[in-house]
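I set out to record what I looked up in this structure. The entries follow the order of my notes.

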Amino acid sequence: MERLVCIIIGYLCGLFQTGFIYGKIKKVDIRQLGSGNAGTTNALRTLGLKAGLITFFGDCLKAVLAAFIIRKLFASQTEIMPLLVMYAGLGTVLGHNFPCYLGFKGGKGIAATAGMIAAFNAPMAMMGFATFIIVVAITRYVSLGSLLLMTGFLIEIFVFGSRGTFHLAQPYLYELYIVSFALTALAFYRHRANIVRLIKGTERKLGQK
């Protein structure tokens, strides 16, 4: 039951579509511009740096908010708290990617996932952020940086989990692995068109018109 509640709370937090709301303030529907995505990259490319930064931090913060609510609501469930936070993160990403009030057409969930990682484990977040910055700085492919961030996240979950960092009993740890894999698989699914373009060499680079 707790897991379902976490997903629902996360989903409700994920419905705050920062890029879409910012676009509406500017009297445009960001989903009608550029890639048609409501996330950070499209906001950056179509509405500028300020819009991109606001969208990124807004989408990060909604995942942090979901984790905060879960920690307060289930404060006594310390033995499975990391798992509950991960479920809340999954719900947030689902709400961001598939908002019911926007015809289930949202973003790709990377900023929301980054916020969840930051709320889940700060060292993991710093490593993920470093990976993303280095990859994008070298290749200028935001999609590649995002996919490697998610791949690194999954690897870190397995490595840290095997070392006992999360202090979870074995069945809960396996469950954490499954939810983490689901988050990573969802990110790859949402980037499937980008993956095809990366393979073909037609993916747009950051700053490219």
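**Terms and model.** I call a residue buried when its relative accessible area is under 20%, exposed when it is over 50%, and partly exposed in between, with a 1.4 Å probe and protein chains only. The model is predicted, so I note that local features need pLDDT of at least 70, that side-chain atom pairs count only at pLDDT 80 or more, and that totals for chains, interfaces and linings use all residues. Residues are numbered from 1 along each chain as its sequence is written, and side-chain values use heavy atoms, with hydrogens and water left out. Helices (H or I, at least four residues) and strands (E, at least two) are DSSP runs, numbered from the N terminus.

**Salt bridges.** I took a salt bridge to be a side-chain nitrogen of Lys or Arg within 4 Å of a carboxyl oxygen of Asp or Glu. Side chains of opposite charge can pair when their charged atoms come close. My search of the whole structure returned four such bridges. One of them joins E203 and R197, with 2.7 Å from N to O. R197 counts as partly exposed because its relative accessibility is 32%, whereas E203 is buried at 8%.

I then looked up D59, which bridges to K62 with the closest N and O atoms 3.2 Å apart. Both residues belong to helix 4, and because they are three residues apart, about one helical turn separates them. D59 is buried, with a relative accessibility of 0%, and K62 is buried too, at 4%. A further bridge is formed by D29 and R31, whose closest N and O atoms are 3.1 Å apart. D29 is buried at 15%, and R31 is buried at 14%.

**Nonpolar core.** A nonpolar core is a set of buried Ala, Val, Leu, Ile, Met, Phe, Trp, Tyr and Cys residues joined through side-chain atoms within 4.5 Å. In soluble globular proteins, nonpolar side chains tend to be buried together. I found 40 residues in the largest core, and those with the most contacts inside it are M86, F120, F153, I157, F166 and L176. Two or more residues each come from helix 1 (2–14), helix 4, helix 5, helix 6, helix 7 (122–139), helix 8 and helix 9. Helix 5 supplies the largest share, nine residues.

**Aromatic rings.** How many aromatic pairs are there? I paired rings of Phe, Tyr and Trp (its six-membered ring) if their centres lie within 6.5 Å; planes under 30 degrees apart count as stacked, over 60 as edge-to-face and the rest as tilted. By this rule I count five aromatic pairs. F120 and F166 have ring centres 5.1 Å apart and planes at 55 degrees, so I list the pair as tilted. This pair links distant parts of the chain, 46 residues apart: F120 is in helix 6, and F166 is in the loop between helix 8 (142–162) and helix 9 (170–190). Both F120 and F166 are buried.

The rings of F158 and Y177 are stacked, because their centres are 4.2 Å apart and their planes stand at 20 degrees. Here F158 of helix 8 is linked with Y177 of helix 9, 19 residues apart. F158 is partly exposed at 39%, while Y177 is buried at 12%. Ring pairs also link F120, F160 and F166 into a cluster.

I also checked for a charge over a ring (NZ of Lys or CZ of Arg within 6 Å of the ring centre and within 35 degrees of the ring normal). R192 lies over the face of Y189, 4.1 Å from the ring centre.

T18 is in helix 2 and is buried, with a relative accessibility of 7%. The C-alpha atoms of T18 and F57 are separated by 8.7 Å, although the two residues are 39 apart along the chain. L61 is in helix 4 (residues 49–73) and counts as exposed at 55%.

**Backbone in the loops.** Most residues other than glycine have a negative phi. I noted that K27, not a glycine, has a positive phi of about 65 degrees. K27 is in the loop between helix 2 (18–25) and helix 3 (40–47) and is exposed at 75%. F104 likewise has a positive phi, near 60 degrees. F104 is in the loop between helix 5 (81–97) and helix 6 (110–120), and is partly exposed at 48%.
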